[in-house]
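Subject: Structure for you to look at

Hello,

Below is the structure I said I would pass on. My notes on it follow.

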Amino acid sequence: MSVTLRFEGKEISAEAGQPLAVALFVAGERVLSRSVKYHRPRGMFCLTGHCGACLMRVDGRPNQKACQVPCVDGLVAERQNAFPSAAFDVLGITDFVFARGLDHNTMFTSPQILHSVVQKVVRHLAGLGTLPDEASRYGTPEVRHLDAIVVGAGPAGLAAATALGRAGRRTLVVDEQLRPGGSYFAEPSDGAAQAARAVTTAEDAGVELWSRATALGWYPEDTAPGRAPGVLVVGRPDRLAILTADRYIYATGGYDQNLLFGDNDRPGVLPARAAGRLLSRDVLVGERPILVGQGAYVEALANALTERGAKVERVDGHEKRLVAARGRSWLAGSWVAGAELNVAGQRQRVSGDAVLVWCEPTPASELPRQHGAAVELRPEAGGFVALADEHGRAAPSVWVCGDVTGYLGPASAALAGKRVGEAAA
Amino acid sequence: MKILVCRCEDVTLEEITHVLDRGFVSVEECKRLTGLGTGPCQGKECMLACALLCHAAGGGAHPITPFTARPPLSPTPLGALATALTTSLTTEDDE
């Protein structure tokens with residue numbers, strides 16, 4: 001079904017339920033916000049609600065993640081943090097004035113009078129968004145106890161929940177995305193179909209699934225009536241849920257990362273998996289994407305993009321290295337137009353309409369860590385992995401599975417989830 | 001041309017390198033001196049890059065730990081959190 005959005009005076013048609021950031025991308029609106037300090041343009045990036053690059057004002061409410069807002073008829077979206085507009089922001093001049101960086105700890109600290117004037121100006125320019133048009137109303141929190149709570153409806157979480165459900169445990173899966181399936185949706189060929197199968201299997205096992213339900217944290221100092229200390233607080237669009245369980249299974253997956261290269265924050269630089277997520281919504285990231293990195297995922301993505309008619313420029317990261325993203329002026333806030341490469345010591349320029357970077361997603365281990373799991377830096381596994389025994393047990397009543405234990409990819413993560421779910425049941 | 005480590009707070013590689021050159025070796029120190037990880041993403045995009053830079057600068061001599069990720073893990077309206085006061089939860093402070 002098609003719906004109509006209002007975006008800064010324009011009417012844009014979109015598919016109902018499509019993420020706002022994707023609808024704007026399809027409509028050719030590429031700059032979604034401006035950065036807080038240098039007013040550099042920001043576009044969509046991770047498409048999973050983790051990065052903070054697509055915050056927009058939606059229906060009078062500031063700082064909404066455009067990749068997590070479903071399109072509905074009459075939705076009003078505006079860009080924030082820029083004057084006169086995010087597409088052309090004169091405050092972008094700060095980027096050139098402070099080309100060597102701007103250290104707010106030591107800047108203009110004397111004389112006192114100048115300091116106070118500068119602080120006033122800076123406070124007016126900085127900050128994210130402006131106050132909402134009206135106060136939001138939230139319902140009374142739902143307080144509930146379950147046999148098992150699974151955080152994350154990706155390959156590992158759904159498989160663990162299925163095992164728990166089949167063992168007769170009352171199991172709830174909370175997932176922050178618009179639809180359950182997690183990293184299945186990044187699979188370039190048939191991600192959406194794989195997600196649908198895993199969701200159906202979990203539901204057939206009697207599992208309850210919540211989407212748009214973000215696990216906000218483990219609060220050890222709070223106690224629900226008649227329960228052991230500690231509550232898991234989950235944020236939903238209209239109210240909180242305060243949950244307790246006999247078993248907590250964290251299948252929180254991983255966050256997509258960027259690489260360090262010149263102008264790596266330019267709109268159009270995306271994690272490779274974001275291009276996969278766009279394909280799962282039948283959207284092609286570009287006609288001439290530059291794909292950086294090696295490995296199974298990169299091969300699969302290159303094939304899928306080529307099948308869709310894109311001409312993919314491969315950059316392996318060794319013989320051919322990415323030096324910088326190129327594009328038009330920052331003030332105008334343009335999308336990438338190409339990249340500068342180092343090819344066996346020689347500088348080479350290539351043109352392209354997206355720069356897709358692959359690196360292992362970094363484990364989303366904060367939540368299990370809050371709940372007692374130990375973490376350790378393992379660069380080869382993608383970052384700070386949650387540690388567990390061979391059954392996935394990380395702490396009393398706490399299990400971890402999937403990419404949060406180090407990057408596995410969907411197929412291996414699903415196997416790990418099944419094994420851990422059976423152990424926890 | 002800038003290389004951004006933390007896009008939320010516009011922290012550049014040059015700033016992190018400067019902190020490490022001054023002899024600081026931890027993610028926590030980089031955060032306190034530059035503001036890295038204190039924006040809307042709360043370090044989801046930048047903390048690993050910073051940790052790897054610290055790891056390389058320290059030559060592996062210091063174990064690298066992440067900075068403490070306190071709840072809420074995702075930006076949450078205060079009005080939503082305030083509704084928890086209407087429930088029958090007890091907290092350590094009450095006792």
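The contact between the two chains takes 44 residues from chain B and 54 residues from chain A; two residues are in contact if their C-beta atoms, placed from the backbone, lie within 7 Å. This is a predicted model, in which local features need pLDDT of at least 70 and side-chain atom pairs count only at pLDDT 80 or more, while totals for chains, interfaces and linings use all residues. Residues are numbered from 1 along each chain as its sequence is written, and chains are lettered from A and ligands numbered from 1 in the order in which they are written.

On the side of chain B that touches chain A, the elements giving two or more residues are strand 1 (4–6), helix 1 (13–21), helix 3 (47–57), helix 4 (78–82) and strand 3 (90–91) of chain B. Helices (H or I, at least four residues) and strands (E, at least two) are DSSP runs, numbered from the N terminus. Helix 3 of chain B gives the largest share of that side, 5 residues. By type, the side of chain B that touches chain A has 23 nonpolar, 12 polar and 9 charged residues. Here Ala, Val, Leu, Ile, Met, Phe, Trp, Tyr, Cys and Pro count as nonpolar, Asp, Glu, Lys and Arg as charged, and the others, Gly among them, as polar.

Strand 11 (residues 214–223) of chain A and strand 3 of chain B run antiparallel and are joined by 2 bridges; two strands pair if DSSP finds at least two bridges between them. Opposite A:T223 stands B:T90.

Within chain A, the axes of helix 4 (residues 155–166) and helix 5 (residues 191–204) come within 8 Å and cross at roughly 20 degrees. Axes are lines fitted to C-alpha atoms, for helices over the stretch in contact, and angles run from 0 to 180 degrees between N-to-C directions. The residues of the contact of these two helices divide into 6 nonpolar, 3 polar and no charged.

Chain A also has an open sheet of 3 strands in the order 18-19-20, with antiparallel pairing. Strand 18 (320–327) and strand 20 (346–351) of chain A stand at the edges with a single partner strand each, so one side of each has no neighbour in the sheet. Neighbouring strands of this sheet are turned by 25 degrees against each other on average, direction ignored. Strand 19 (residues 336–343) of chain A pairs with strand 20 of chain A over 6 bridges, in the antiparallel sense. One of the bridges has A:R347 as the partner of A:N342.

Regards
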